[in-house]
Amino acid sequence: MPSSSARSSYLDVSASSNASQPAGQDRGIVLLVVLVLADPVLSKRPQLVAGKGAGGHVAEWKALLEEAERPVNVNLTQGFPDFEGSRTARFEAAEAIMRLESQRLNQYSPLVGLSSLMDSIANLYTRLWPKIGEMDAAKNVVVTTSGTEAISVAMQTLVSPGDEVILFEPFFPWYAPGVRLAGGEVKLVRLDMEDGFAIDRTRLLEAFDPKRTKMIVLNTPHNPTGRVLTREEVRSVHEVASTSEIGCVVFSDEAYEGQCWAPGGHEKVQTMVEDLNAEACARVKCLTMGTASKLCSLTGWRVGWLTGPEEIIKGAKAMHGYSTYCAPSPFQHGIAKALDGFEDLDPDTCFDGTGALMRANAEKVTSAMRAMGFKVYKPEGGYFVVADCSPLGFETNMEFCRTLLDECQVAVAPMNMFYGRPPEELSPSERCLVRLAICKTEPVIDEAIARMKKLKAAN
């Protein structure tokens, strides 16, 4: 668990530190959109990934995020922890940086990753998820410069111009740009809050083309909703993918595998796919993304990885090598030591107790917001809670976010950026969805709830 000093830091430390907090990914993409739209000299590539973000509210959201960082506000817009990350990782990395005998770790590491970290990743998965079977670190693992780069590398490795990639909407905003930069076409499959954000097989079939669909992207636990995929949902995806004529790959983003409190805990999609392959005599391949940002609560270190079949990992190594070349060497060393210390999946202790903290925060926020009249999806994992503000009389999430910030000094994120459809195509409920980051210490969550209770319903 985060230390007691970190848990009690809100009133005297956390608020004052918000102003110096580096911009997160949500704010970063808004700034990128503004910059790209302002400079016509740029190539067509930036234009492929900009201009569609923030649901048409780029300038308004930029101003909102900037104001959210004022010390007086409780900032629940972005998914960065406000508590210390892994002590083991930080201590080991600091030692590696400063010790004369380990100065080699301050230089380039092999582009595929430090062998010690690759071994630690393989051992972690076979130790905590034994159904996954043997994993050869040299053949089945590549270390990337963040989970975000892992997503980009996966797209560049598998998607060719003209290929289609299925995304379940709402989705992490970095998926669609990765597809477009690879020359692919995004095909959206809508997930509805009324259905618990479950995958609808009929909609999936409508989006799937056996001659063109090259990848189906899964995310469990899901960002932003916190939904955890069921085996039946994975079965539906597998059955559809197995009809592909071009070798459709299942790409599984499991960034939040360490923060999962669904019954039975987190189950690796790769394991389910391999079981289903055996049942159906199929050959569907699965490529998986993981990240130290969430397993070790160190979002600024930018260490991620891909695991999967040797032939795909070979291609991923090449694409990564011509992208960032290698993740920071001392941070890789620290992460390897931290992963070696995760012995089981007990939510109170594994991954520094972050799963237990996220679950407690999710329960608090969900209960409080439902009591206030919001429709709230109760997550089973991840860093976030999603709520519908329309029952309180608000017509858009931007209106709600502005009111909440002005009246209560609490900042939350509108969900516009997590949709690929333009605002006019969203349902009234979708236009009113907001995301609250719960990856914070208990005093911060308690303070946010207390402030939110002062909110006046819209007329």
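These legends describe close-up views of a predicted model. Local features are given where pLDDT is at least 70 and side-chain atom pairs where pLDDT is 80 or more, while totals for chains, interfaces and linings use all residues. Residues are numbered from 1 along each chain as its sequence is written, and side-chain values use heavy atoms, with hydrogens and water left out.

**View 1. The protein chain as a whole.** The secondary structure comes to 19 helices and 13 strands. Helices (H or I, at least four residues) and strands (E, at least two) are DSSP runs, numbered from the N terminus. Of the 459 residues of the chain, 57% count as buried. Buried means under 20% relative accessible area, exposed over 50%, and partly exposed in between, with a 1.4 Å probe and protein chains only. Among contacts with a separation of 6 or more, residues 24 or more positions apart account for 75%. Contact means heavy atoms within 4.5 Å.

**View 2. The open sheet of 7 strands.** The strand order is β2-β8-β7-β6-β5-β3-β4, and the pairing is mixed. The edges are β2 (141–144) and β4 (185–190), each of which pairs on one side only. Two strands are taken to pair if DSSP finds at least two bridges between them. Strands of a sheet pair through backbone hydrogen bonds, either parallel or antiparallel. Neighbouring strands of this sheet are turned by 25 degrees against each other on average, direction ignored. Axes are lines fitted to C-alpha atoms, for helices over the stretch in contact, and angles run from 0 to 180 degrees between N-to-C directions.

**View 3. Strands β5 and β6 with helix α12.** Strand β5 (residues 213–219) pairs with β6 (residues 249–253) in the parallel sense over 5 bridges. Ile 216 has Val 250 of β6 as its bridge partner. Helix α12 (residues 231–241) lies across β3 (164–169), β5 and β6, and runs at about 170 degrees to β5.

**View 4. Helix α13 and its packing.** Helix α13 (residues 269–280) has 12 residues and reaches 16 Å from its first C-alpha to its last, close to the 16 Å expected at 1.5 Å a residue. The expected span is 1.5 Å times one less than the number of residues. Its buried residues are Val 269, Gln 270, Thr 271, Met 272, Val 273, Leu 276 and Asn 277. These buried residues pack against β5, α12, β6, β7 (285–291) and β8 (304–307). Just after the helix, Cys 281 takes a positive phi of about 55 degrees.

**View 5. Nonpolar cores, with Phe 400 and its contacts.** A nonpolar core is a set of buried Ala, Val, Leu, Ile, Met, Phe, Trp, Tyr and Cys residues joined through side-chain atoms within 4.5 Å. The largest has 75 residues, and Leu 306 and Phe 400 have the most contacts inside it. Not counting residues up to four places away in sequence, Phe 400 touches Phe 374, Cys 389, Phe 394, Val 412, Val 434 and Leu 455. A second, separate core of 33 residues includes Ala 137, Ala 336, Ala 338 and Phe 351.

**View 6. Leu 117 in helix α7 (residues 115–128).** Leu 117 counts as buried because its relative accessibility is 0%. Leaving aside neighbours within four places in sequence, Leu 117 is in contact with Val 143, Val 303, Gln 332, Ile 335, Ala 336 and Leu 339. Leu 117 and Asp 340 are 223 residues apart in sequence and 9.2 Å apart in space, C-alpha to C-alpha.

**View 7. Aromatic pairs.** The whole structure holds 13 aromatic pairs. Rings of Phe, Tyr and Trp (its six-membered ring) pair if their centres lie within 6.5 Å; planes under 30 degrees apart count as stacked, over 60 as edge-to-face and the rest as tilted. Tyr 108 and Tyr 325 form an edge-to-face pair, because their ring centres are 5.7 Å apart and their planes at 70 degrees. Tyr 108 is in the loop between α6 (87–98) and α7, and Tyr 325 is in the loop between α15 (310–321) and α16 (329–340), 217 residues apart. Tyr 108 is exposed at 65% relative accessibility, and Tyr 325 is partly exposed at 35%. The rings of Phe 172 and Trp 174 have centres 5.5 Å apart and planes at 20 degrees, so this pair is stacked. Ring pairs link Phe 171, Phe 172, Trp 174 and Tyr 175 into a cluster.
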